[in-house]
Amino acid sequence: MILRSETSANENDTGTAGAGRPTLDDLFRRAAVHDPDALALVDPPNRSSFTDGVLRRLTYAQTDRAISALAAKLCRAGLQADTLVAIQLPNTVEAVITLLAVLRAGMIAVPLPVLWRQKEILAALRPLGAKAIVTTSRIGAVKHAELAGEVGAELFPIRFICGFGDDLPDGVLTLDDVFDTQTASTVPRTLRGGQASEHVAVVTLDVTPSGLVPVARSHSELIAGGLSLAQEIGVGPHMSLLAAIPPSSFAGLAVTIVPWLFGGGCLSLHHGFDAKAFAEQIGTGINTAIVPGPALAPLAKTGRFQSLKGLVALWRSPEQLNISAAWTGPARLVDVSCFGELGVIALPRDGDGLPAAMPLGPVGAPHDIETARSKSGTLLLRGAMVPKAAFPPGVEHGPEPYLAADKDGFVETGFTCRVDEEAKTLTVSGPPGGIAAIGGYRFTTRDLETQVSMADPAATIVALPGGLMAQKLAGSAIDNADVAAAILAQGGNPLIAGAFRPRGLAA
């Protein structure tokens with residue numbers, strides 16, 4: 001599927017990899033050809049504590065073979081070009097392999113956050129018509145392959161459920177054998193009109209005040225999202241990158257996958273946060289790390305960043321960046337402000353260690369994004385990385401417009417901001433109304449209240465300022481444990497269930 005607004009680039013292009021501007025697969029192939037024996041992907045050392053499967057360290061050649069093997073397997077299963085394939089995996093080698101395999105097969109990846117359960121997955125996939133789900137046997141104590149089976153039973157279009165790991169349920173196609181191949185698999189050539197880089201590569205899910213919105217992203221938009229960060233941190237084959245951000249959102253893809261593909265170095269993955277595992281990984285020659293912004297100060301106090309040359313802090317609640325402490329470490333720090341699924345802005349810290357002021361107008365060089373302030377005081381974005389349409393194209397013209405650009409091409413983010421007209425800078429001052437941000441997850445106030453009322457009509461839930469998590473959820477009921485269990489039983493999010501802590505426990 002191609003983004004309609006981009007088809008004029010080259011109508012005669014075959015749409016195959018390598019034509020015109022690069023695709024993500026093109027970037028990977030270039031790195032693999034440059035040094036096939038170089039280390040490409042490394043699993044978290046504590047992998048066995050949260051999922052099944054062996055600990056993997058793959059070269060570019062091994063990664064390339066696994067990508068082709070999985071891509072060929074998806075094609076042999078009868079999935080056609082532009083089929084949407086949902087992916088719910090922990091931050092391990094399999095997540096990266098699966099994403100690139102879906103793209104190599106000419107399909108569209110739909111990454112899902114690992115804490116999403118049946119309710120949220122159904123809401124996301126039902127309007128998309130996804131035909132396959134790739135998951136794993138378990139993440140923590142949750143049996144995700146069984147969860148995928150429950151989702152597939154509810155959604156008629158789901159034809160295939162595929163999984164990595166041990167003891168997969170009947171009917172789940174095992175994928176672990178893609179790592180066993182010693183020869184390159186043949187992937188059928190995808191023939192489509194238009195330029196390959198402008199075809200939809202990924203559909204990510206944004207949470208807006210009106211609900212969940214799928215957003216189509218082309219290869220070009222994803223690459224534009226990571227380009228400025230790649231330039232700021234100076235990627236190259238020398239880079240050994242540690243990513244504590246999963247590739248399950250536009251920001252996750254832009255700050256981890258794209259810089260790695262541009263540089264051709266090594267990408268080490270960190271799932272969730274485990275202090276011991278993180279310290280062990282830092283000590284293996286890592287020179288650049290990507291961490292959640294709110295974790296920056298606590299981690300810096302441990303001294304774990306002293307050996308780094310580069311550091312990236314991702315702020316999913318960018319209003320928190322304004323009050324962050326001055327950076328005094330030896331590593332060059334780049335802050336990345338994230339505005340839902342609409343865009344990211346990467347700015348290095350100033351010489352005084354304080355966050356750099358966000359420009360009003362074009363940002364960075366090349367100017368892949370531009371800011372403005374609306375009449376109502378909210379931040380507007382436009383540029384190469386900003387999506388052109390919700391998914392499927394045309395839904396932005398429905399009863400609840402989303403991604404409806406103004407006459408100058410700017411898209412509304414909903415984040416409030418202040419402007420310094422003299423300095424030509426702006427400051428993000430608050431999140432979109434009606435949204436609760438808990439760590440890397442966003443919820444509508446309406447959804448929070450609905451999930452809780454279904455469990456217990458008398459129970460209440462509120463979002464409070466929450467330090468490292470941006471906000472925290474606090475629930476109250478006659479029996480908190482019963483409400484928490486009911487939310488989980490109805491397929492609700494564990495973060496919402498976790499708001500109903502037993503009496504007497506600290507938040």
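Histidine 34 is in helix α1, which covers residues 24-34; helices here are DSSP runs of H or I with at least four residues, strands are runs of E with at least two, and both are numbered from the N terminus. With a relative accessibility of 60%, histidine 34 counts as exposed. The terms are as follows: buried means under 20% relative accessible area, exposed means over 50%, and partly exposed lies in between, with a 1.4 Å probe and protein chains only. Between the C-alpha atoms of histidine 34 and glutamate 94 there are 23 Å, and the two residues stand 60 residues apart along the chain.

Before I continue, a word on the source. This is a predicted model, in which local features need pLDDT of at least 70 and side-chain atom pairs count only at pLDDT 80 or more, while totals for chains, interfaces and linings use all residues. Residues are numbered from 1 along each chain as its sequence is written, and side-chain values use heavy atoms, with hydrogens and water left out.

How confident is the predictor, on average, in the protein? The average pLDDT is 88, and 91% of the residues score at least 70; pLDDT is the predictor's confidence in each residue, from 0 to 100. Over residues 2-19, however, the pLDDT is below 50, and this stretch has 42 contacts in the model beyond near neighbours in sequence. Contact means heavy atoms within 4.5 Å. Where pLDDT is low, the predicted coordinates should not be read in detail.

I turn to the protein as a whole. It contains twelve helices and 25 strands. The radius of gyration is 22 Å, close to the 23 Å that the globule rule gives for 507 residues, so the protein is as compact as a globular protein of that length. That radius is taken over C-alpha atoms, and the rule is 2.2 Å times the number of residues to the power 0.38. Along the principal axes, the C-alpha atoms fill a box of roughly 55 × 55 × 50 Å. Of the 507 residues, 57% count as buried. Among contacts with a separation of 6 or more, 66% are between residues 24 or more positions apart.

The accessible surface comes to about 20200 Å², and 55% of it belongs to carbon and sulfur atoms; the areas come from the Shrake-Rupley method with a 1.4 Å probe, and for residues only the protein chains shown count as cover. As for charge, there are 40 positive and 48 negative side chains, and the centres of the two sets lie 1 Å apart. Lys and Arg count as positive and Asp and Glu as negative, without His and the chain ends; each charge is placed at NZ of Lys, CZ of Arg, CG of Asp or CD of Glu.

Next, some individual positions. Lysine 73 belongs to helix α2, residues 60-76. Is lysine 73 buried or exposed? Its relative accessibility is 13%, so lysine 73 counts as buried. Leaving aside residues up to four places away in sequence, lysine 73 touches Leu173, Thr174, Leu175, Asp177 and Val178.

Threonine 51 sits in the loop between β1 (39-42) and β2 (57-59), and at 2% relative accessibility it counts as buried. Beyond residues up to four places away in sequence, threonine 51 touches Pro90, Thr92, Thr136 and Arg138.

Leucine 147, in helix α5 (residues 144-154), is buried with a relative accessible area of 8%. Its contacts, again without residues up to four places away in sequence, are Gln88, Trp116, Arg117, Gln118 and Ile121. Leucine 147 and arginine 117 are 30 residues apart in sequence, with 7.5 Å from C-alpha to C-alpha.

I close with two backbone positions. Most residues other than glycine have a negative phi. Aspartate 82, in the loop between α2 and β3 (84-87), has a positive phi near 70 degrees. Its relative accessibility is 22%, which makes aspartate 82 partly exposed. Lysine 424 lies in the loop between β20 (411-420) and β21 (425-430), and its phi is positive as well, near 60 degrees. Lysine 424 is partly exposed, at a relative accessible area of 47%.
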